Amino acid sequence: SDPRLEAHPLAVPLSPRPGSGLERSSFAMAWLPTTVLHQQLQGPIGRSDAEVVRQVLQAMALALDLSMQEAWSED
């Protein structure tokens, strides 16, 4: 939730809204993917819509220097 991340091109903004589980504006840091053991999770804390997931995946692809193609595109 560090406001300095607003200017970072690989930080995807996450807004608090009903069902998101967020209490304040936050950011997904696409350059810092982290693994978590399933046993460490205490269940879902919220949800994200498909558009936010798409933005995070695109930012991760950019951070990892990958080219991604959406399965439904014809390119």
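Helix α1 has 14 residues and reaches 20 Å from its first C-alpha to its last, close to the 20 Å expected at 1.5 Å a residue. The model described here is a predicted one.

Of the 75 residues of the protein chain, 17% count as buried. The protein chain exposes about 6,400 Å², of which carbon and sulfur atoms supply 56%. Among the contacts in the protein chain with a separation of 6 or more, 47% are accounted for by residues 24 or more positions apart.

Which elements does the helix pack against? The buried residues of α1 pack against β1 (11-14) and β2. In α1 the buried positions are Val 52, Val 56, Ala 59 and Ala 61. Gln 55 also lies in helix α1, which covers residues 50-63. With a relative accessible area of 30%, Gln 55 is partly exposed, because that value falls between the 20% limit for buried and the 50% limit for exposed. From C-alpha to C-alpha, Gln 55 and Ala 30 are 9.5 Å apart in space, and 25 residues separate Gln 55 and Ala 30 in sequence.

Strand β2 spans residues 26-29, and Ser 26 belongs to this strand. Is Ser 26 buried or exposed? Its relative accessible area is 13%, so Ser 26 is buried; the cut-off for this class is under 20%. Leaving aside residues up to four places away in sequence, Ser 26 touches Ser 1, Val 12, Pro 13 and Leu 14. A polar atom of the Ser 26 side chain also lies 3.1 Å from the backbone oxygen of Arg 24.

Met 29, Trp 31 and Leu 32 make a nonpolar surface patch of about 270 Å². Of these residues, Trp 31 is found in the loop between β2 and α1. Trp 31 has a relative accessible area of 33%, so Trp 31 is partly exposed.

Charged side chains come next. How many salt bridges does the count come to? The count comes to three salt bridges. One of them joins the side chains of Glu 51 and Arg 54, with N and O 2.4 Å apart. Both Glu 51 and Arg 54 lie in helix α1, three residues apart, about one turn of the helix. Glu 51 is partly exposed, with a relative accessible area of 37%, and Arg 54 is partly exposed as well, at 28%.

Another salt bridge is formed by Asp 49 and Arg 17, whose closest N and O atoms are 3.1 Å apart. Why does this pair tie together parts that are 32 residues apart in sequence? Asp 49 lies in the loop between β2 and α1, and Arg 17 lies in the loop between β1 and β2, so the pair ties together parts with that separation of 32 residues. Asp 49 is partly exposed, with a relative accessible area of 35%. Arg 17 is also partly exposed, with a value of 36%.

A further salt bridge brings together the side chains of Asp 2 and Arg 4, at 2.5 Å from N to O. Asp 2 counts as partly exposed at 27% relative accessibility, whereas Arg 4 counts as exposed at 70%.

Helix α1 is followed by Asp 65, whose phi is positive, near 55 degrees. Asp 65 has this positive phi although Asp 65 is not a glycine. The place of Asp 65 is in the segment after α1, and at 72% relative accessibility Asp 65 counts as exposed, because the limit for that class is over 50%.

Note on methods: Residues numbered from 1 in each chain as written. Predicted model: local features only at pLDDT ≥ 70, side-chain atom pairs only at ≥ 80, totals over all residues. Heavy atoms only, no water. Buried < 20%, exposed > 50% of the residue type's maximum accessible area, 1.4 Å probe, protein only. Contact = heavy atoms within 4.5 Å. Areas by Shrake-Rupley, 256 points an atom, 1.4 Å probe, with all protein chains shown as cover. Helix = DSSP H or I, 4+ residues; strand = E, 2+ residues; numbered from the N terminus. Polar contact = N/O pair within 3.5 Å; in protein donor to acceptor, adjacent residues only side chain to side chain. Expected span 1.5 Å × (residues − 1). Patch = residues over 30% accessible without salt bridge, like charges linked within 9 Å, V, L, I, M, F, W, Y side chains within 5 Å. Salt bridge = Lys/Arg side-chain N within 4 Å of Asp/Glu carboxyl O.
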